[in-house]
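Visitor: I am new to protein models and would like to learn how to read one feature after another. Could you take me through this one slowly?

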Amino acid sequence: MRFYYTNLETCHEATGMVVVIDVIRAFTNAAYAFSRGAKEIYPVSTVEGALQLKAQHPEVLICGEVGGFPPEGFDFGNSPTQTNTLDLSGRVIVQRTGAGTQGVVRSICADALVAASFVVAEATVEYILNHLPEQVTFVITGATWSGGEEDLACAEYLEELLKGRHPNPRPFLERVRKSRESMQMFFELKEPLFPKSDLDYCATLNAFDFAMPVTRENGHFTIRGIKP
């Protein structure tokens, strides 16, 4: 198995198994949405696209952010602290974020796609191994905005596991807490929509036993929480 790394600017070239990583906070938040009963998530690139889907299907919920804040018309934001209080049983969610969902919709040459973060790390590895890919490409979505150290840490941890190794997870999770993104979002801004409890959620390992594969269906991408 060969491993490659890419970012939002070049992920459109990635083939084979593509793992799109957004630890802070999109794909941590998505995992918590599934844990609260969400049926599926449609990742989109624009606010307008999210609102259009809502107009066509009023029963869906929209979540996500622009610059960290939920846009007008969104049902909830990108905070796993908030999401973990919601009853999302059977709901379909449209998610738009500045990094994570962009990585999904831009990975147009991928043969297989999976969204990932630390909270689903072990299940993600099991899902990948079940598919026996010749190559795996990690999309470090945060690299464009803040360096993406938290996403890189997750990718490197997943690579170690895929190689059959048993790394100590503590240093990898510590990189999440000390990343530029976490420092800015949770300590410098002092914004109620960025609670420090979000960082605890993002730096939690294997909170859930499902992976989050992405498929293309009916003209859009669909993420589901599936036990490998």
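This is a predicted model: local features need pLDDT of at least 70, side-chain atom pairs count only at pLDDT 80 or more; totals for chains, interfaces and linings use all residues.

Visitor: What share of the contacts in the chain with a separation of 6 or more joins residues 24 or more positions apart?

Guide: Such residues account for 76% of those contacts. As for burial, 55% of the 228 residues count as buried, while the chain exposes about 9900 Å², of which carbon and sulfur atoms supply 51%.

Visitor: How should I read a nonpolar core, and which residues have the most contacts inside the largest one?

Guide: In soluble globular proteins, nonpolar side chains tend to be buried together. In this chain the largest nonpolar core has 34 residues, and those with the most contacts inside it are Val 19, Ile 21, Val 23, Phe 118, Phe 138 and Leu 158. Several elements each supply at least two of its residues, among them strand S2, strand S7, helix H5 and helix H7, and the largest share, seven residues, comes from H7. Another core, of 33 residues, lies apart from this one and includes Ala 33, Phe 76, Ala 110 and Ile 223.

Visitor: Which residues does Val 19 contact, leaving aside its neighbours within four places in sequence?

Guide: With those neighbours set aside, Val 19 is in contact with Val 114, Ala 116, Ile 128, Val 136, Thr 137, Phe 138, Val 139 and Leu 158. Ile 128 is also one of the buried residues of H5, together with Ala 121, Ala 123, Thr 124, Val 125 and Tyr 127. These buried residues of H5 pack against S2, S6, S7, H7 and strand S8.

Visitor: Is Thr 83 buried or exposed?

Guide: One reads this from relative accessibility, and under 20% means buried. Thr 83, in helix H3, counts as buried because its value is 0%. Beyond residues up to four places away in sequence, Thr 83 touches Asn 29, Tyr 32, Ala 33, Arg 36, Phe 76 and Leu 88.

Visitor: Which residues other than glycine have a positive phi?

Guide: One of them is Leu 132, with a phi of about 45°, found in the loop between H5 and S7. At 72% relative accessibility, Leu 132 counts as exposed. Another is Asn 206, with phi near 55°, in the loop between H10 and S8. Asn 206 is partly exposed, with a relative accessible area of 28%.

Visitor: Where is the cis peptide bond that involves Arg 25?

Guide: The backbone angle to look at here is omega, which is near 10° for the cis bond from Ile 24 to Arg 25. Arg 25 lies in the loop between S2 and helix H1.

Visitor: Last, how many positive and negative side chains does the chain have?

Guide: There are 20 positive and 28 negative side chains, and the centres of the two sets lie 3 Å apart.

How values were computed: Residues are numbered from 1 along each chain as its sequence is written. Side-chain values use heavy atoms; hydrogens and water are left out. Buried means under 20% relative accessible area, exposed over 50%, partly exposed in between (1.4 Å probe, protein chains only). Contact means heavy atoms within 4.5 Å. Accessible areas come from the Shrake-Rupley method with a 1.4 Å probe; for residues, only the protein chains shown count as cover. Lys and Arg count as positive and Asp and Glu as negative; His and the chain ends are not counted. The place of a charge is taken as NZ of Lys, CZ of Arg, CG of Asp or CD of Glu. A nonpolar core is a set of buried Ala, Val, Leu, Ile, Met, Phe, Trp, Tyr and Cys residues joined through side-chain atoms within 4.5 Å. Helices (H or I, at least four residues) and strands (E, at least two) are DSSP runs, numbered from the N terminus.
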